[in-house]
Amino acid sequence: MGERREKLDIIKDILEAIRDKGGSIKPTHLLYKSNLSHDSMKRYVSELMDRELLAELEDKAGKRFTITDKGLKFLTDYQQIKEFTDSFGF
Amino acid sequence: MTLLLNGPQWFQGIDAIFGFVYVLVALLIAALSNKAYKISGEKKYYYFSLAFFLMGLAFALYSFVNWSLLTHISPLLSGVLTTFDFAFVIYILLIFLAYTLLIIITFKIEESKVGLLIFTLMLLLTIFSYQYYLKFHIILFILLFLLAHQFYTNYTEKKNTNSLLVFISFYLLTCAEIFYVSMVHVNQLLYVVAVILQLLGFLTLFYMLLRVNYGREKRKA
């Protein structure tokens with residue numbers, strides 16, 4: 001069994017999944033890629049949208065989530081913060 | 001005996017300069033932890049940041065008071081500082097608050113009342129008692145020993161250089177407290193050893209911060 005993911009890691013996984021799909025992703029794909037339950041994913045997506053790290057887009061193809069500039073900045077900062085928090089055992 | 005102007009006379013003032021190094025390191029850690037709070041939204045990073053901010057504030061006060069006593073910048077200020085130990089009391093308050101927060105976060109204590117109890121007991125044991133200089137450093141030794149042990153456990157799990165540096169820095173800070181205590185009954189020169197160990201501890205933390213900020217790019221290249 002894998003190690004329990006911290007909140008910071010889950011946010012990174014969600015944003016990375018969107019970025020790696022070219023910047024936008026369908027909710028079903030995100031659910032699969034983020035490895036979360038449906039309810040958890042909804043909670044995280046809602047929080048990330050509140051914090052403007054991702055946005056929701058609706059077109060003919062259906063609903064999609066897109067990563068914002070703030071979300072891309074998070075991915076740049078993530079490695080630094082992760083190294084820092086790991087050093088103190090968070 | 002107060003916390004201010006300790007150690008041999010030739011060394012007085014030098015420790016105040018070192019104090020500014022501690023302020024810089026503590027505030028850098030506070031800033032980085034605040035950044036972690038902003039991007040993750042997790043409260044523990046906020047409290048960790050607050051702990052190091054309070055520590056920075058305490059060291060700034062310590063250095064400023066020592067410096068103003070040495071330079072006699074204001075006779076009124078020097079008079080107040082030497083009559084009452086209020087600067088020392090504020091320093092103790094800030095340091096204990098900072099370390100209580102660190103203990104709560106590092107040991108993942110979820111009950112806030114436990115934190116309040118630790119803080120109150122530490123204050124009662126020091127400020128309202130005889131020989132508070134000694135008691136202050138003995139309590140700090142215990143707190144730092146617990147933190148160093150926890151950071152050692154973290155190092156054995158993570159096995160990376162940064163966690164080793166954090167453990168080494170807290171180990172040095174713990175050792176410094178032994179010399180601060182011994183200085184009272186053995187020799188004033190031990191105060192110099194204590195201050196140098198404390199400086200080394202903070203410089204080790206500073207090196208860890210440099211690795212986190214700049215080492216990543218180098219390792220990638």
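Mentor: Let us begin with contact: two residues are in contact if their C-beta atoms, placed from the backbone, lie within 7 Å. In chain A, residues 24 or more positions apart account for 49% of the contacts with a separation of 6 or more. In chain B, among contacts between residues at least 6 apart in sequence, 66% join residues at least 24 apart. The model is a predicted one, in which local features need pLDDT of at least 70, side-chain atom pairs count only at pLDDT 80 or more, and totals for chains, interfaces and linings use all residues. Residues are numbered from 1 along each chain as its sequence is written, and chains are lettered from A and ligands numbered from 1 in the order in which they are written.

Trainee: How do you know what confidence the predictor has in chain A?

Mentor: The quantity is pLDDT, the predictor's confidence in each residue, from 0 to 100. Chain A has a mean pLDDT of 87, and 96% of its residues reach 70 or more. Among the elements of chain A, the lowest mean, 87, belongs to helix α2 (residues 27-34) of chain A, and the highest, 91, to strand β3 (residues 62-67) of chain A.

Trainee: What makes a stretch of chain A a helix or a strand, and how many of each are there?

Mentor: Helices (H or I, at least four residues) and strands (E, at least two) are DSSP runs, numbered from the N terminus. By that definition chain A has four helices and three strands, in the sequence pattern α-β-α-α-β-β-α. Chain B has eight helices and zero strands.

Trainee: Why is chain B called as compact as a globular protein of that length?

Mentor: The radius of gyration is taken over C-alpha atoms, and the globule rule is 2.2 Å times the number of residues to the power 0.38. For the 221 residues of chain B the rule gives 17 Å; the radius of gyration is 18 Å, which is close to this, so chain B is as compact as a globular protein of that length. The C-alpha trace of chain B spans about 55 × 40 × 35 Å along its principal axes.

Trainee: Why is A:Asn35 called partly exposed?

Mentor: A:Asn35 has 14 C-beta neighbours inside 10 Å, so it counts as partly exposed. This residue is in the loop between α2 and α3 of chain A, and it has a positive phi of about 60° although it is not a glycine. Most residues other than glycine have a negative phi.

Trainee: What makes B:Lys108 count as exposed?

Mentor: B:Lys108 has 10 C-beta neighbours inside 10 Å and therefore counts as exposed. Its place is the loop between α4 (86-106) and α5 (112-126) of chain B. B:Lys108 is not a glycine, yet its phi is positive, at about 50°.

Trainee: How do you know that β2(A) and β3(A) pair?

Mentor: Two strands pair if DSSP finds at least two bridges between them. β2(A) and β3(A) have six bridges in the antiparallel sense, and they therefore pair. A:Glu58 stands opposite A:Lys63 in β3(A), and two residues lie between the strands of this hairpin.

Trainee: What joins β1(A) to β3(A)?

Mentor: Two bridges join these antiparallel strands. A:Ser24 has A:Thr66 in β3(A) as its bridge partner. The open sheet of three strands has the order β1-β3-β2 (chain A), with antiparallel pairing. β1 (24-25) and β2 (54-59) of chain A each have a single partner strand and stand at the edges, so one side of each is left without a neighbour in the sheet.

Trainee: Which residues form the contact between the chains?

Mentor: The contact takes 17 residues from chain A and 19 residues from chain B. On the side of chain A that touches chain B, the largest share, ten residues, comes from α4(A).

Terms used: Buried ≥ 20, exposed ≤ 12 C-beta atoms within 10 Å, placed from the backbone.
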